[in-house]
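Hello,

Here is the structure you are taking over, with its sequence.

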Amino acid sequence: MDIDYLRKEIDALDSKIVDLLNERAKIVLKIGEIKKQNQAQIYVPNREQEVYSRIKSQNKGPLTDECLVAIYRELMAGSLVLEKAIKVSYLGPEGTFSYFAAKQKFGSSVEYVPVRGIDDVFRDVAGGRSDYGIVPVENSTEGGIRETLNMFVEFDVKVCAEIILPIHHNLMANCGKEEIQKVYSKPQILSQCKNWLASNLPHAELIEVSSSAEAARIVRDASKSGKEGQYYAVIANAEIAQLYGSNILFKNIEDNPNNITRFFVLSKDYSAPSGRDRTAVMCYIKNLAGALLEILEPFKTYNINLTNIESLPTRKKPWEYCFYLDFEGHTSNETVQKALKEVSKKCFDMKILGSFPKCD
């Protein structure tokens, strides 16, 4: 048995795989027609989780679970587009962490729409210009992303899924470390690397911009236009280096090696239960002593695990606050319904943002 023989076996298997994939796609088209007739949601997060769980449980190797999930992610993204052309808005430009989170969820087949601000992502989804939006909601180092949470006060959109993305920051430049005069990145990234920067580039000027991709674009353009720009650096995701032509000088310079950002997938529809879900709500309470405790007590009573809580100004009256909460469970669950019913009695308004499958 030689390599040529084995390669012929692979070729034969590839032919069968292609035929099977297209057979699967034909069934997808039939499902798409039924969804269209019933005006049903195209992207179904609980079904996505079900597929991933099944293929991992059936995997006997030698391919890893991560490899199979990556293959199926692209397969399901292609299937989505067969059912309907999908647009996904994200905080641009191409190369931001939001962009890579979107690609992790929706693969390469959908149309990605870069926008200038997180508010524009909400606006696109609320206005129907995009089917879905990707926004950062929480970072393990910095906490809740207030810019995102504030938008839930202003826009009527739903959360249908979440994405967990490990965040690694890399210093990129087209000069030596000792030559760097300015470092560009977004404020949160500079903050997450402040100890490394203080130790390694104490004399460099730190310049805050709207995104890491925008920082890379500024540095690239400055380098092209003049000698001074050759001494600028950017901190960003490693993939930025290829997109914008920078050299990675130092990898993983974040102060916390366990740096993770959670993203929400915005939609106009709720997600059905998957069996392992999380729910997010906004609670508007009176400015009275003990008011927060009163809305938290039902979660303890019904043994529901709270996973996040953030206070936000309502922007309607001075010193008037609302609280963002997320917790384990789906709104279709009877226990969750009972808890939320009691919570609602303690609020002058309560907004359910959505229930969605938990992302490990």
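The sulfur of Cys283 has its closest cysteine sulfur in Cys347, 4.1 Å away, which is too far for a bond. A disulfide needs the two sulfur atoms within 2.5 Å. Please keep in mind that this is a predicted model, and that the distances here are computed from it.

Cys322 is in no disulfide either; for Cys322 the nearest cysteine sulfur is that of Cys283, at 8.8 Å. The disulfide count for the model is 0.

Next, the aromatic rings. A pair of rings is described by how far apart the centres are and by the angle between the planes. The count of aromatic pairs comes to 15. Take Tyr90 and Tyr99 as an example: the ring centres are 5.4 Å apart and the planes stand at 50°, so this pair is tilted. That angle falls between the two limits, since planes under 30 degrees apart count as stacked and those over 60 as edge-to-face. Are these two residues, Tyr90 and Tyr99, buried or exposed? Both Tyr90 and Tyr99 are buried.

Ring pairs also join several phenylalanines into a cluster, made up of Phe122, Phe152, Phe155, Phe264 and Phe356.

One last item concerns a charge and a ring. Lys158 sits over the face of Tyr270, 5.3 Å from the centre of the ring.

Regards

Definitions and conventions:
Residues are numbered from 1 along each chain as its sequence is written. This is a predicted model: local features need pLDDT of at least 70, side-chain atom pairs count only at pLDDT 80 or more; totals for chains, interfaces and linings use all residues. Side-chain values use heavy atoms; hydrogens and water are left out. Rings of Phe, Tyr and Trp (its six-membered ring) pair if their centres lie within 6.5 Å; planes under 30 degrees apart count as stacked, over 60 as edge-to-face and the rest as tilted. Buried means under 20% relative accessible area, exposed over 50%, partly exposed in between (1.4 Å probe, protein chains only). A charge sits over a ring if NZ of Lys or CZ of Arg is within 6 Å of the ring centre and within 35 degrees of the ring normal.
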